[in-house]
Amino acid sequence: MHYRIAVIPGDGIGKEVIPASLKVLDAVGRKCGFELAYVPFDYSCEYYKATGSMMPKDGIERLSDSDAIFLGAVGYPGVPDHISLWGLLIPIRRSFQQYVNIRPVRLLKGVESPLRNPGIIDFMIVRENNEGEYSNVGGIIHQGTPYETVIQESVFTRMGVDRVMNYAFELASKRKGKLASATKSNGIIHTMTFWDNRFEELGKKYPNIEQSKYHIDILCAQFVQHPDWFDVVVASNLFGDILSDLGPAVVGGLGIAPGANINPEKAFPSMFEPVHGSAPDIAGKNIANPMASFWTAAMMLEHLGEDHAAEILMLAIEGVTGQRKILTRDLGGTATTTEVTEEIIRQIEQL
Ligand SMILES: NC(=O)c1ccc[n+]([C@@H]2O[C@H](COP(=O)([O-])OP(=O)(O)OC[C@H]3O[C@@H](n4cnc5c(N)ncnc54)[C@H](O)[C@@H]3O)[C@@H](O)[C@H]2O)c1
């Protein structure tokens, strides 16, 4: 098999962890007998500084014939964060109907949780990725006066809510059969009661799934106190975004947290990106943890149907974390990005 992958390293550590991941992907490809053709794209904040936009006018179209998009991170001191989000990530997620954002939270072998008794932590956050609170509907009037008024609307559609919830129910039915919904319908009485009603309604089709709902505030507390309770958690765009930094924090941090923006119908390419940002504080030092990108690459392989390759890559990742010898600083080690990459490749070749 031959796959065409659009590669957007982006900014900061994206330019370190993505090239490292391509070497790892090539090693898995050699092992499992498939080839990946990488098409590089320089869309980034650096591109914005030079041209005034995050990508060319036909930037989305140029990505459209790829089998998947592999992205590092965007963000650059001096470029406001809403520029990189609204100029690149959100247009890709929306144009390609990547309405499901999946972020696995699992305590890998050898990785220490900051919790004293973490138990078994293995759950998936399914975040709505196309609408919700991340909307550009709204505006500002009387700017700069004492009457300054700002309105930001949330957008929840039945189609948008149903499709992400259905995805989460299906995912739970393939896992341990438990689905929790993140809500805040006590305070946000229109959109969140709608969210709850749709959850209840759609849940009737899944009598075998254990269903629960939590207000977002207590859910955050339970992620810390009882992370072992969860199997699949479905959340709106904003709540899912927050939960998917909190979840990884209890299993070792952003350095290992993977993510995927999925178009489940496969009508458009899906995009795979680690949860972390461009980490300007450590960029250019060869100390970023590439594991988040490697795990993200494994999710991409699974999406492409290369399940065996994805398994091999995960075995190599846990082989390295399990030994606790070659780890980057965020996981308590002293190894460089390059050393972790070389060790992963060595393990892949040995498996
Ligand atoms: N998807 C994306 O492209 C994305 C996501 C989040 C933030 N950002 C952008 O990234 C920039 C920095 O944002 P931030 O500081 O809030 O978040 P960040 O994820 O870049 O960094 C947060 C902290 O985690 C550390 N960290 C992150 N990834 C790491 C890794 N792989 N290995 C070791 N340590 C790691 C960083 O050093 C930093 O201390 C901003 O411009 C922001 O907009 C982009």
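Good morning. I begin with alanine 182, which touches Met192, Trp195, Tyr214, Ile216, Leu219, Val234, Ala235, Phe239 and Leu243, leaving out residues up to four places away in sequence; contact here means heavy atoms within 4.5 Å. The structure is a predicted model, in which local features need pLDDT of at least 70 and side-chain atom pairs count only at pLDDT 80 or more, while totals for chains, interfaces and linings use all residues. Residues are numbered from 1 along each chain as its sequence is written, and side-chain values use heavy atoms, with hydrogens and water left out.

Alanine 182 sits in strand β8, residues 178-183; strands are DSSP runs of E, at least two residues long, numbered from the N terminus. Is alanine 182 buried or exposed? Alanine 182 is buried, with a relative accessible area of 0%, where buried means under 20%, exposed over 50% and partly exposed in between, using a 1.4 Å probe and protein chains only. Between the C-alpha atoms of alanine 182 and tryptophan 195, 13 residues apart along the chain, the separation is 9.1 Å.

Next, the domains. The protein is divided into domain 1 (1-108 + 252-351) and domain 2 (113-119 + 133-250), with bounds from an automatic or database domain assignment. Their C-alpha centres lie 25 Å apart, and the contact takes 15 residues from domain 1 and 17 residues from domain 2.

I turn to the interior. A nonpolar core is a set of buried Ala, Val, Leu, Ile, Met, Phe, Trp, Tyr and Cys residues joined through side-chain atoms within 4.5 Å. The largest such core has 87 residues, of which Leu313 and Ile344 touch the most other members. This core draws at least three residues from each of domain 1 and domain 2. Apart from it lies another core, of 18 residues, including Ala6, Ile60, Ile69 and Leu71. In soluble globular proteins, nonpolar side chains tend to be buried together.

Finally, the ligand. Which residues are closest to the ligand? Of the 21 residues that surround it, the closest are Val74, Asp81, Gly277, Ala279 and Asp281; a residue counts if one of its heavy atoms lies within 4 Å. Ligand oxygen atoms lie 2.8 Å from a side-chain N or O atom of aspartate 81, 3.0 Å from a backbone N or O atom of serine 278 and 2.8 Å from a backbone N or O atom of alanine 279. Taken alone, the ligand exposes 800 Å², and the protein buries 69% of that, with areas from the Shrake-Rupley method and a 1.4 Å probe.

How values were computed: Helices (H or I, at least four residues) and strands (E, at least two) are DSSP runs, numbered from the N terminus. A polar contact is a pair of N or O atoms within 3.5 Å; within protein, one must be able to donate a hydrogen and the other to accept it, and residues adjacent in sequence count only if both atoms are side-chain atoms.
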